[in-house]
Amino acid sequence: MDLTNNRKSRVKRIVAMALAAVALVSCSVSYKFNGASIDYSKTKTIQIADFPIRSSYVWAPMGSIFNNELKDIFANNTRLIQVRNNGDLKIEGEITQYSQRNKAVTAEGTSAQAELSMTVNVRFTNNANHNEDFERQFTATTSFETTQSFTAVQEELVTQMIEDITDQIFNATVANW
């Protein structure tokens with residue numbers, strides 16, 4: 001009698017564990033953290049204008065690097081179709097400031113560290129919900145040791161600032177952070 005109860009108990013445990021395993025596998029929840037919170041039933045397209053450089057200090061490749069990175073972040077992180085006109089979302093603006101300044105000075109009075117900064121003015125229009133429209137400036141800064149040649153590090157520094165600014169723009173427009 002004990003042997004039969006033991007078998008029944010063991011079979012019940014095995015069946016219970018099998019059911020639990022099936023339940024876990026069949027009831028999995030999937031999350032996608034790409035940062036975007038877009039209602040694709042209402043918003044299908046985005047219009048991203050090229051941002052001209054309106055800064056008095058200019059590094060020529062900066063404009064095309066910025067424009068490509070801005071379009072790429074939306075292409076890689078959303079299902080929005082990029083259009084030239086009449087987008088459900090519209091992003092336009094200009095690069096308004098690009099500057100370099102001394103940040104730290106040595107005991108001898110020479111520059112030890114410099115800071116590079118970039119500011120972009122953005123106008124965002126959400127044609128599905130105009131309450132989300134805005135015009136705002138986004139800024140990024142980065143520092144470098146003046147023992148390095150500025151021309152040798154400029155592309156890397158500008159690329160870092162552009163990535164920072166385009167992330168800020170993405171978060172402000174479609175991530176609702």
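These legends describe close-up views of a predicted model. Local features need pLDDT of at least 70 and side-chain atom pairs pLDDT 80 or more, while totals for chains, interfaces and linings use all residues. Residues are numbered from 1 along each chain as its sequence is written, and side-chain values use heavy atoms, without hydrogens and water.

**View 1. The largest nonpolar core has 35 residues.** A nonpolar core is a set of buried Ala, Val, Leu, Ile, Met, Phe, Trp, Tyr and Cys residues joined through side-chain atoms within 4.5 Å; buried means under 20% relative accessible area (1.4 Å probe, protein chains only). F66, F74, Y98 and M118 have the most contacts inside this core. At least two core residues come from each of β1 (45-48), α2 (62-77), β3, β4 (111-126), β5 (134-145) and α3 (150-175). The largest share, 10 residues, is supplied by α3. Helices (H or I, at least four residues) and strands (E, at least two) are DSSP runs, numbered from the N terminus.

**View 2. Surroundings of F66.** Leaving out residues up to four places away in sequence, F66 touches F51, I95, M118, V120, I162, I165, T166 and I169. Contact means heavy atoms within 4.5 Å.

**View 3. The buried residues of α2.** M62, G63, F66, N67, L70, I73 and F74 are buried in α2. They cover an arc of only 135 degrees around the axis, so they lie on the same side of α2; the arc is that of the directions from the helix axis to the C-beta atoms.

**View 4. N86 in its loop.** N86 is in the loop between β2 (81-82) and β3 (89-105). Phi of N86, a residue other than glycine, is positive, near 55 degrees. N86 is exposed (over 50%), with a relative accessible area of 73%.
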